[in-house]
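Here are my notes on the model you sent. They run from the interface to the individual chains.

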Amino acid sequence: MEFLNPSNYGYIPLAEWIEKYVKDWLFEQRPVFKKISVPIESTLDALDGVFNLVPLPIVILFFVLAAFKTNGIKFAIFTFVSLVCIDLLDIWEETMTTMAMIVTAVLFCCVIGIPVGIAASRNDTFEIILRPILDVMQTIPSFVYLIPVVMLFGVGLTPGVVAIIIFSIAPVIRLTNLGLRQVTKGVKDAGRALGCSKLVILYKIELPLALKTILAGVNQTLMLSLSMAVIAALIGAGGLGLTVYVGLGRLDIGQAFVGGLGIVLIAIIFDRITQKIIK
Amino acid sequence: MEIIQLQNVNKWYGKFHVLKDIDFNVKEKERIVICGPSGSGKSTLIRCINKLEDHQKGKIIVDGIELNKNTKNITTIRSEVGMVFQQFNLFPHLTILENCTLGPIWVKNMKKKECEALAMEYLKKVQIDDQAKKLPSQLSGGQQQRAAIARALTMEPKIMLFDEPTSALDPEMVKEVLDVMIDLAKGGMTMCVVTHEMGFAREVADRVIFMDEGSIVESKKTNDFFENPENERTKTFLSQIL
């Protein structure tokens, strides 16, 4: 039956085509993308500076206070113990780098994602086109797009953040869209009947009503970006991801575990604090 | 003077012909009650007057301005025409006072202080000034509807449209809303009211219009409408609800 196999009669050289055409094109585009990444890079540098220059006790104090304000005394104690442990595990600097990466990535996810989500909620065609793109961004194995990211942006922290943004932007777009679509027609009609412009209806009525859903999306994006932070280490992004990655490379289970533990701890802290802000 | 003029207005939802050749005029200070079975197009008709719905054929002229695609005209007309909805449609994230001031601040560019004073005045008129700082969900249905009326009035409209304002209320709350509306009518407001409250129609309406299947079937002075309805459908309808 082997004669029935299609591959006996032809071959689609997709891999070769991509190698031949897309690769060159990607390299040519490099200067353009380098420029695009400038705002990301400067934000990242600024935040990295802040997190690493501010004395450790003040950073701890800040998070403990935030934890106390949002979740109360128990969680404040947990936050304090976690952050002290992070320093005792000698991964403080890496943790701060990861935090800077995550915060930058989430910031840009919001700056890009919320307007895209708003556009999707206004326009059904755009939403239909967008949906599969978001599916691809979320499901495609991250290793596949790490290579073009490296080609376009080089290696280092910034490309790492770009990869994180691509991977984790979907929820904030989806939930902005969903939140705005859930605002009832009646309330919008009331705004229209008063004579409000579309912009006023959006800012004063729709966005405030969709806020909880949008923030739930931001929280999801934050969690995804933490999980992507480890993989971003493969393209030269430092931080806790690098600790894990180096540990894996040397089969040093201990070090990999310590890096992983750091990620888990800041994930819990970030998650609880943002969850409460949503409420 | 005619403040609302509808000439040969037709509207379709897809293939469904909701409004059929509607000719309908309202004079200044006139109070009109529109009634008819559900699905007869009465809500759609008054929603056309402030262009919450588009009509496909015919002319609608409100206060001398024809409704067309011109957004500036639409904004002008909407700020002159207040609307009260069946489901109140208060903004749930804003206090009652903020509900009232949103329009004046953002549409008429009024100063916050000024329109807060104005809003309080109207909230007092509908007797819920003591609830001004509360959220809509903390109020009863009747109070919410009165707040919605105050919200519309704070825009200082020339015309008020009511789309079944008492249909979503518990029976014991209908009266408090109707009282506010009667008060308003006696104050000389031009009003178009879609309602099944025939007592209200008898008390304040100058004219009653009966709609069925997208057409105006009967339009008469209030007394005439109740005493000698001509059309068979009007008679049946009246006998069912009176």
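1. Start with the interface. The model is predicted. In it, 16 residues of chain A are in contact with 21 residues of chain B. The area buried between chain A and chain B comes to about 1,600 Å². Carbon and sulfur atoms give 69% of that area.

2. Which residues of chain A lose the most area to chain B? They are A:Arg192, A:Ala193 and A:Leu194. Together these residues account for 37% of what the chain A side buries. How many salt bridges does the rule find across the interface of chain A and chain B? It finds one. A:Asp189 forms a salt bridge with B:Arg47. The closest N and O atoms of A:Asp189 and B:Arg47 are 2.7 Å apart.

3. Over all chains, the salt-bridge count by this rule is 24. One within chain A joins the side chains of A:Arg181 and A:Asp124, at 3.0 Å from N to O. This pair links distant parts of the chain, 57 residues apart. A:Arg181 lies in helix 9 (residues 170-181) of chain A. A:Asp124 lies in helix 6 (residues 124-139) of chain A.

4. Now the fold of chain A. Chain A has 13 helices and zero strands. Along the sequence, the pattern reads α-α-α-α-α-α-α-α-α-α-α-α-α. Along the principal axes, the C-alpha atoms of chain A fill a box of roughly 70 × 65 × 45 Å.

5. In chain B, look at one helix pair. Helix 3 (residues 96-107) of chain B packs with helix 4 (residues 112-125) of chain B at an angle of about 125°. Their axes are 9 Å apart. Angles over 145 degrees count as roughly antiparallel and those from 65 to 115 as roughly perpendicular. Helix 3 of chain B and helix 4 of chain B are therefore oblique to each other. Helix 3 of chain B passes helix 4 of chain B in a right-handed crossing.

6. Which residues make this contact? Helix 3 of chain B contributes B:Ile96, B:Leu97, B:Cys100, B:Thr101, B:Pro104 and B:Ile105. Helix 4 of chain B contributes B:Lys112, B:Cys115, B:Glu116, B:Ala119, B:Met120 and B:Leu123. By class, the contact of these two helices has nine nonpolar, one polar and two charged residues.

Terms used
Residues numbered from 1 in each chain as written. Chains lettered and ligands numbered in written order. Predicted model: local features only at pLDDT ≥ 70, side-chain atom pairs only at ≥ 80, totals over all residues. Heavy atoms only, no water. Axes fitted to C-alpha atoms, helices over the stretch in contact; angles between N-to-C directions. Helix = DSSP H or I, 4+ residues; strand = E, 2+ residues; numbered from the N terminus. Parallel < 35°, antiparallel > 145°, perpendicular 65-115°, else oblique. Left-handed = near helix turned anticlockwise from the far one by under 90°. Contact = heavy atoms within 4.5 Å. Nonpolar A, V, L, I, M, F, W, Y, C, P; charged D, E, K, R; others polar. Buried area = accessible area lost by both parts, 1.4 Å probe. Salt bridge = Lys/Arg side-chain N within 4 Å of Asp/Glu carboxyl O.
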